[in-house]
Each structure stands twice: as C-alpha cells, then as structure tokens.
Amino acid sequence: QVQLVESGGGLVQAGGSLRLSCAASGNIFSINTMGWYRQAPGKQRDRVATITSGGITQYADGVKGRFTISRGNAKNTVYLQMNSLEPEDTAVYYCKIEYTSSRLVRYDYWGQGTQVTVSS
C-alpha cells in the first residue's frame, strides 16, 4: 500500500506564491517520476510539471519561469514552488508518482489533491 500526503494549497492573491509538498511512503522500492497535475472546474486534468529520479524536469508552457519542481534529499518528496500566481492557476493540484513496488511491478499513484485558489 502506498500513501501520498499533499500539503501547501490555499488562497493567495494574484502575484503571490505558494509551495506544494507531496510525501510518498509505503510499499515502494523506487520512485521513477514524480509530478504535479491540476484540474480546474469543468476542465480536464493537465500536467503541470514532472521530475525524474535523475532530476530531469518538464513544465507545461503556461508555468515555465513561474513554477519550479524539485525533489527532497530523501527522493520520496516532491515540491512545487509556485510564484507570480495568476487567477488562471486556480485548480485542484494533484501529486502523482510512477514507482516500482517491492515486487518490482511498476504503478502510477495519485494523491487526493489540494486546492489552490488565486484571487484577482
């Protein structure tokens, strides 16, 4: 069993900053990729940023230069530093990991989501 604990969402004014955290635990042999996705009301869930075990990052075009994804020293935690937030960033943000279990089977696992609301 795997657990993802997300934190850091909230309400912020446009131009402000938030930092999201996601900590993974449980039956995990290794984590390959960690990432953040978001879903606004009435829209599909979209990728925001991902980071591999080797530190390679990818960002959605709309957040490049404003958001930074990073992994903690223990490699089981991922962060999303969000600066210069815009009302269009308002969404539920989900953490996702691609991991290998102790039985060497690969899985994807999603967090429960954390609300980010940016007021104009």
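**Notebook: salt bridges**

I looked up Arg66 and found it buried at 12% relative accessibility (buried is under 20% relative accessible area, exposed over 50%, partly exposed in between, with a 1.4 Å probe and protein chains only). This is a predicted model, where local features need pLDDT of at least 70, side-chain atom pairs count only at pLDDT 80 or more, and totals for chains, interfaces and linings use all residues. Residues are numbered from 1 along each chain as its sequence is written, and side-chain values use heavy atoms, with hydrogens and water left out.

Next I checked the partners of Arg66. I took a salt bridge as a side-chain nitrogen of Lys or Arg within 4 Å of a carboxyl oxygen of Asp or Glu. Asp89 forms one with Arg66, at 2.8 Å from N to O. Asp89 sits in the loop between E8 and E9, Arg66 in the loop between E6 and E7, 23 residues apart (strands, E, are DSSP runs of at least two residues, numbered from the N terminus). Asp89 is buried, at 1%.

Glu86 also forms a salt bridge with Arg66, at 3.9 Å. Arg66 lies between strands E6 (57-59) and E7 (67-71), Glu86 between E8 (77-82) and E9 (91-100), so the pair ties together parts 20 residues apart in sequence. Glu86 is partly exposed at 34%.

I then noted a network of salt bridges linking Arg38, Arg66, Glu86 and Asp89.

Last, I looked at Lys96, whose salt bridge to Asp108 has its closest N and O atoms 3.7 Å apart. Lys96 is in strand E9 and Asp108 in strand E10 (residues 106-110), so this pair joins parts twelve residues apart in sequence. Lys96 is buried at 13%. Asp108 is partly exposed at 48%.

My count of salt bridges came to six.

Technical notes. Helices (H or I, at least four residues) and strands (E, at least two) are DSSP runs, numbered from the N terminus.
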